[in-house]
Amino acid sequence: MINGDTAYQALTSKDTRFDGLFYVGVTSTGIYCRPVCPVKAPRRENCRFFASAEAAEKAAFRPCLRCRPELAPGNAPVDSAHRITDLLLQRIDEGMIDEVSSLEEVAAWFHLSLRQLRRIVQQELGVSPLELKQTRRLLLAKQLLTETRLPITEIAFASGFSSLRRFNDVFNQRYRMPPSRLRKEAAAGENELGHLGSSTLLLGYRPPYNWQTMLDFLRLRALKGVEWVDEARYLRTVQLGRYRGWICVTHVPQKNALQVEFSHALTGALPALLRRLRNLFDLNAHPQFIDEHLRQDPLLTVSIDRDPGLRVPGAFDGFEMTVRAVLGQQITVKAATTLGGRFVSAFGEAFPTPFTELNRLTPPPSRVAEASIDEIASLGIVSARARSILALAAACSHGELQLDTCTYPEEMVQKLKQLPGIGDWTAAYIAMRALRWPDAFPAGDIVVRNNLGKISAKQAEARSAVWQPWRSYAVMHIWKNLAPEK
């Protein structure tokens, strides 16, 4: 049964994560659309909502020729066009890490032919995959030229071009100026406050942004040696393919942006690095829209007034965050953080940085999969969770779980729950953070239940209906501001 008011909120948000979950029939035109249709949203009273395209057509609505409901998730032979294009952008970024240079290989990752991939991208973005890839490269190059003092040759290669000559030709053709002209606009004080061998870039967001709450959340859960969070900064070591280095992230509120300082060793992985940071800090959220919806429930009004722009912390590395979630089962956050530090010390590779607090790389799935139950249990981790971590590591290292590029969160949640030791709470928490699912809700979470009046998980699930489709954001308010007075 589709909740009309909830569906209308998702419709007006144009959030691609709701594509395929419902369809809207517009009574004034007799046409039905996907929730991501590019046309202006109809008035609420002219909308009818359906769980499937078949139901909409049975009610005598015709399919929209703009958004093409047949391409929605679960109905098209090649999957959701919107999600495919979004994941294509991710794979273009990650492809620079994995050395995937041909579009044929990218298409194969989606189980598509090159012809199908071209058609989908052309329909959704109005460009060919090659043009899309080239535009992404040029935009990154433009930002690097403007915001850093990296040599132009390094910028060319970091942006994905195979030669400096090719970079200059494409840049001149597109922007009608040589790259060196933008270099003159580079900030005069760039890197004056940074470290030798590093540069900075800005990542924008939609205000408001509650930076301090984000830091507080990450600080409590930081993996010792891999992450370090002080009063104003988030720092961590990074390994992306063959690239290793460190980052330091600070807040620049006057520019509605985060500033990312990165070691030059990570220059070749910048597209993937920046995307992962956007996920970690939830920079793509629409906070005003989300807060407006949640404010309709008086229970959350005071919290929203106190902390507008509250974000859902994501995950820089899906496997790392999932292991951390398993370690946190049925124990305090502090105890889980202690176990996480031991885990990193045992299985993470030593890595020197300019910061004494950062000295380890996060353990990759392949390394953890080689460990024994006894090795993991010797760290104070109970055997049941050791088995869960080993099963998770094996699934990730074999490619059975793609936690960093997930098309359908609901399907991934079911896969996770098939692993030993991962139940409803753990899967929902992973969906909130690693899978970036805005409507994930850990109904069994003890803090959520207590802060809602010591209710049952079933009652919490029912109570959460009014917050859909933004229940993950409601959870952040419940955790932070709804604790009962003592």
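**Notebook: salt bridges, sheet and cores**

I began with glutamate 349 and arginine 244, whose side chains meet in a salt bridge at 2.8 Å, N to O. I noted the cut-off: a salt bridge is a side-chain nitrogen of Lys or Arg within 4 Å of a carboxyl oxygen of Asp or Glu. Glutamate 349 sits in the loop between helix 15 (333-347) and helix 16 (365-369), and arginine 244 in strand 8 (residues 243-252), so the pair ties together parts that are 105 residues apart in sequence. Helices (H or I, at least four residues) and strands (E, at least two) are DSSP runs, numbered from the N terminus.

The model is predicted: local features need pLDDT of at least 70 and side-chain atom pairs count only at pLDDT 80 or more, while totals for chains, interfaces and linings use all residues. Residues are numbered from 1 along each chain as its sequence is written, and side-chain values use heavy atoms, with hydrogens and water left out.

**Entry: exposure of the first pair**

**Entry: other salt bridges**

I looked up the total, and the structure holds 14 salt bridges. One of them joins arginine 44 to aspartate 5, with the closest N and O atoms 3.3 Å apart. Arginine 44 is in the loop between strand 2 (31-33) and strand 3 (47-50), and aspartate 5 is in helix 1 (residues 4-13), so this pair ties together parts 39 residues apart in sequence. Arginine 44 is partly exposed at 29% relative accessibility, whereas aspartate 5 is exposed at 53%.

I then checked arginine 236 and glutamate 320, which form a salt bridge at 2.8 Å, N to O. Arginine 236 belongs to strand 7 (residues 234-240) and glutamate 320 to helix 14 (residues 318-327), 84 residues apart. Both arginine 236 and glutamate 320 are buried.

**Entry: the sheet**

In what order do the five strands of the open sheet lie? I read the order as 5-9-8-7-6, with antiparallel pairing. Two strands pair if DSSP finds at least two bridges between them. Strand 5 (198-204) and strand 6 (227-229) are the edges, each pairing on one side only. From one strand to the next, the twist averages 25°. Axes are lines fitted to C-alpha atoms, for helices over the stretch in contact, and angles run from 0 to 180 degrees between N-to-C directions.

Strand 8 and strand 9 (residues 257-263) run antiparallel and are joined by six bridges. I looked up histidine 251, and its bridge partner in strand 9 is leucine 258. Helix 6 (residues 129-147) packs on the sheet, where it touches strand 5 and strand 9, and its direction makes about 120° with that of strand 5. Helix 11 (residues 270-280) also packs on the sheet, touching strand 5, strand 7, strand 8 and strand 9, at about 50° to the direction of strand 5. Contact means heavy atoms within 4.5 Å.

**Entry: the cores**

In soluble globular proteins, nonpolar side chains tend to be buried together. I counted a nonpolar core as a set of buried Ala, Val, Leu, Ile, Met, Phe, Trp, Tyr and Cys residues joined through side-chain atoms within 4.5 Å. The largest has 118 residues, and Ile247, Leu273, Leu277 and Phe281 have the most contacts inside it. Helix 18 (residues 383-397) gives this core its largest share, eight residues. Leaving aside neighbours within four places in sequence, isoleucine 247 is in contact with residues including Tyr234, Val260, Leu273 and Leu277. A second, separate core has eleven residues, among them Ile92 and Leu132.

**Entry: serine 13**

Serine 13 is in helix 1 and counts as buried at 12% relative accessibility. Leaving aside neighbours within four places in sequence, serine 13 is in contact with Phe18, Phe289 and Trp470.

**Entry: helix 20 and totals**

How many of the ten residues of helix 20 (residues 424-433) are buried? I found eight, so helix 20 is mostly covered. Its buried residues pack against helix 10 (211-220), helix 14, helix 19 (409-417) and helix 23 (471-481).

The protein has 23 helices and nine strands. Buried residues make up 53% of its 486 residues.

Note on methods: Buried means under 20% relative accessible area, exposed over 50%, partly exposed in between (1.4 Å probe, protein chains only).
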